[in-house]
Amino acid sequence: MIVDPLAVPQLPNAIGQAVEQTPDTEMRIGRVVSYDAGGIVVSVSGAGVLTNAAYAFGQYQPALGDNVVLLRMGNQWIVLCTQSDNPTDNVVQNHSFELTPLAAPPTSWTLYHDPASTELADVSAVTLPVGWELDGPSAVRFRQDNTPPGGTTDYLSSEPFEVVEGERWTASAWVVGDSLGGPPCVRCQATLMLSWHANATDSYPTVVSTATIAATNVGFGLPWTYLRAGSSSTGEVVPPTARYGRAVLFNNMQHNTCVVDFAYSVYWDRVITRKII
């Protein structure tokens, strides 16, 4: 069983006692508005101020919009943890693909297969390999068979959520690849996007516009890669005429000619989309 990248150790009783017994300490909830390698800036709820904070645990990887628990000790603020792995303001339905029967297309998601592709990926909810679990036992898998050369391009869109022009939104997700082969036989570029639409029934490629959150060339095996907005991001702005948005998981999977080749799978999990302002 791997360690959940967002998990943090249980806070010792001493911290709770310190908060209760020391007048110069307090705990608050805030939202991450920016981050870098050394710390994060948090908008403290109810205070209307921005606060610089340090990480309490190195395995926490901040994302724009995270709701975090903060501890103040004197003049120093420390981020202890996120409120939950699936925040209450996440608008993505079936965000970890636990609500879908196994071997079936994911519930509350819409697939678009690029007709220019020379191969067809199997896109379905599956049980993750033992030790790969991230947010429950299931994930969505894009799987390409072992018939090179060729490729498949696919877009998996979440259910629509209402947006208003000028709002700022962000998204994050986790992705990992699995194959007995390796480069240059198989490769995949995975991209997390937001798409904007005029109508609730529209999905990719019928869009007002799209915004790329993050992309990666998917590796082989653990660890998972965390796709999130960069530290300079302030959120993706909803354009004019857009009334709905969707999170989009974009996969471009390619096979090259090899003497020996294997099927290739890309797993996505824990897709979070939320409004910043």
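The model is predicted, so local features need pLDDT of at least 70 and side-chain atom pairs count only at pLDDT 80 or more, while totals for chains, interfaces and linings use all residues. Residues are numbered from 1 along each chain as its sequence is written, and side-chain values use heavy atoms, with hydrogens and water left out.

Searching the whole structure turns up 9 aromatic pairs (rings of Phe, Tyr and Trp, the last by its six-membered ring, with centres within 6.5 Å; planes under 30 degrees apart are stacked, over 60 edge-to-face, the rest tilted). One of them is the tilted pair of F97 and W109, at 5.1 Å centre to centre and 35 degrees between the planes. F97 sits in the loop between β5 (76-82) and β6 (109-113), and W109 in strand β6, 12 residues apart (strands are DSSP runs of E, at least two residues, numbered from the N terminus). F97 counts as buried because its relative accessibility is 0% (buried means under 20% relative accessible area, with a 1.4 Å probe and protein chains only). W109, at 9%, is buried as well.

Then there is Y155 with F250, a stacked pair at 4.6 Å and 15 degrees. This one joins strand β9 (residues 150-158) to strand β16 (residues 244-255), 95 residues apart.

Leaving aside residues up to four places away in sequence, P239 touches E165, W196, V208 and S209 (contact means heavy atoms within 4.5 Å).

Key
Helices (H or I, at least four residues) and strands (E, at least two) are DSSP runs, numbered from the N terminus. Buried means under 20% relative accessible area, exposed over 50%, partly exposed in between (1.4 Å probe, protein chains only).
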